[in-house]
Amino acid sequence: PPPAPAPAERPALGHKLALFGRGLMQMVLSTEGHAARRLDCEPDPSLLQGWATEHRTVVFVRHGESTWNEMFNRGRGLQRFLWMPLRLARGLAREAASIMSTESTFIDSPLSPRGIQQAGEIRKALRSNDDGHALLAE
């Protein structure tokens, strides 16, 4: 029998359905909320006694706004819910237009135009650091 196709060679629709199923199972069966409740204690600094330590600055950057965030997280209060049907319809239309490709608004959401702008701004801010320390590795 021929080998199983690589993920990039799988039919796009089947790939999307498989990812959707796995994501749905993860969402239903996840215990992440329970783990977060167990981590409500402060770290014990005495655990570092005897270790060589030095001062470092670490900058964590998650990502800019994604198309998922654009649909479900934009706006506050009532405004968020009033505009959500329109944003959701636009997202579903994008998803339908790309149903036969591996592009997806819902699965591994790309950055929205606003997210691309945010990524450029953080890159510029990290490059413009003037205290002599490299904050952006390229």
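## Fold and overall composition

From the N terminus on, the elements of the protein chain follow the order α-α-α-α-α. The chain thus described has 5 helices and 0 strands; helices (H or I, at least four residues) and strands (E, at least two) are DSSP runs, numbered from the N terminus. This is a predicted model, in which local features need pLDDT of at least 70 and side-chain atom pairs count only at pLDDT 80 or more, while totals for chains, interfaces and linings use all residues. Residues are numbered from 1 along each chain as its sequence is written, and side-chain values use heavy atoms, with hydrogens and water left out.

Of the 138 residues of the protein chain, 14% count as buried; buried means under 20% relative accessible area, exposed over 50%, and partly exposed in between (1.4 Å probe, protein chains only). The protein chain exposes about 11,700 Å², and carbon and sulfur atoms supply 62% of that area. Accessible areas come from the Shrake-Rupley method with a 1.4 Å probe, and for residues only the protein chains shown count as cover. Among contacts between residues at least 6 apart in sequence, 58% join residues at least 24 apart, a contact being heavy atoms within 4.5 Å.

## Salt bridges

Side chains of opposite charge can pair when their charged atoms come close. The structure holds 5 salt bridges, each defined as a side-chain nitrogen of Lys or Arg within 4 Å of a carboxyl oxygen of Asp or Glu. Glu65, Arg74 and Arg114 are linked in a network of such bridges. In the pair of Glu65 with Arg74, the closest N and O atoms are 2.6 Å apart. Arg74 counts as partly exposed, at 27% relative accessibility, whereas Glu65 counts as buried at 10%. The side chains of Glu65 and Arg114 also meet in a salt bridge, at 3.2 Å from N to O. Glu65 lies in the loop between helix 2 (32-38) and helix 3 (67-72) and Arg114 in helix 5, so this pair ties together parts that are 49 residues apart in sequence. Arg114 is partly exposed, with a relative accessible area of 41%.

A further salt bridge joins Arg90 and Glu70, with the closest N and O atoms 3.9 Å apart. This pair links distant parts of the chain, since Arg90 is in helix 4 and Glu70 in helix 3, 20 residues apart. Glu70 is buried, with a relative accessible area of 9%, and Arg90 is partly exposed, with 39%.

Phe20, Leu24, Met25, Met27, Val28 and Leu29 form a nonpolar patch on the surface, with about 690 Å² of accessible area together. Patches are made of residues with over 30% relative accessible area and no salt bridge; like charges are joined within 9 Å, and nonpolar side chains (Val, Leu, Ile, Met, Phe, Trp, Tyr) within 5 Å. Met25 is found in helix 1 (residues 12-29) and counts as exposed, at 53% relative accessibility.

The largest pocket has a volume of about 340 Å³. On a 1 Å grid over the protein atoms alone, a pocket is an open set of points where a 1.4 Å probe fits, with protein on both sides within 12 Å along at least five of seven lines; lining residues have an atom within 4 Å of a point. Grid points are joined across faces, edges and corners, and a volume is the space filled by probe spheres set on the points. The lining consists of Leu19, Phe20, Gly23, Leu24, Gln26, Met27, Trp68, Phe106, Ile107 and Asp108. Helix 1 contributes the largest share of this lining, 6 residues.

Trp68, one of the lining residues, has its place in helix 3 and counts as partly exposed, at 38% relative accessibility. Not counting residues up to four places away in sequence, Trp68 touches Asn73, Thr105, Phe106 and Ser109. The C-alpha atoms of Trp68 and Thr105 are separated by 6.7 Å, although these residues are 37 apart along the chain.

## The loop at Met100

Met100 lies in the loop between helix 4 (77-97) and helix 5 (113-127). This residue is exposed, with a relative accessible area of 64%. Leaving aside neighbours within four places in sequence, Met100 is in contact with Ala12 and Leu13. Met100 and His15 are 85 residues apart in sequence and 9.8 Å apart in space, C-alpha to C-alpha.
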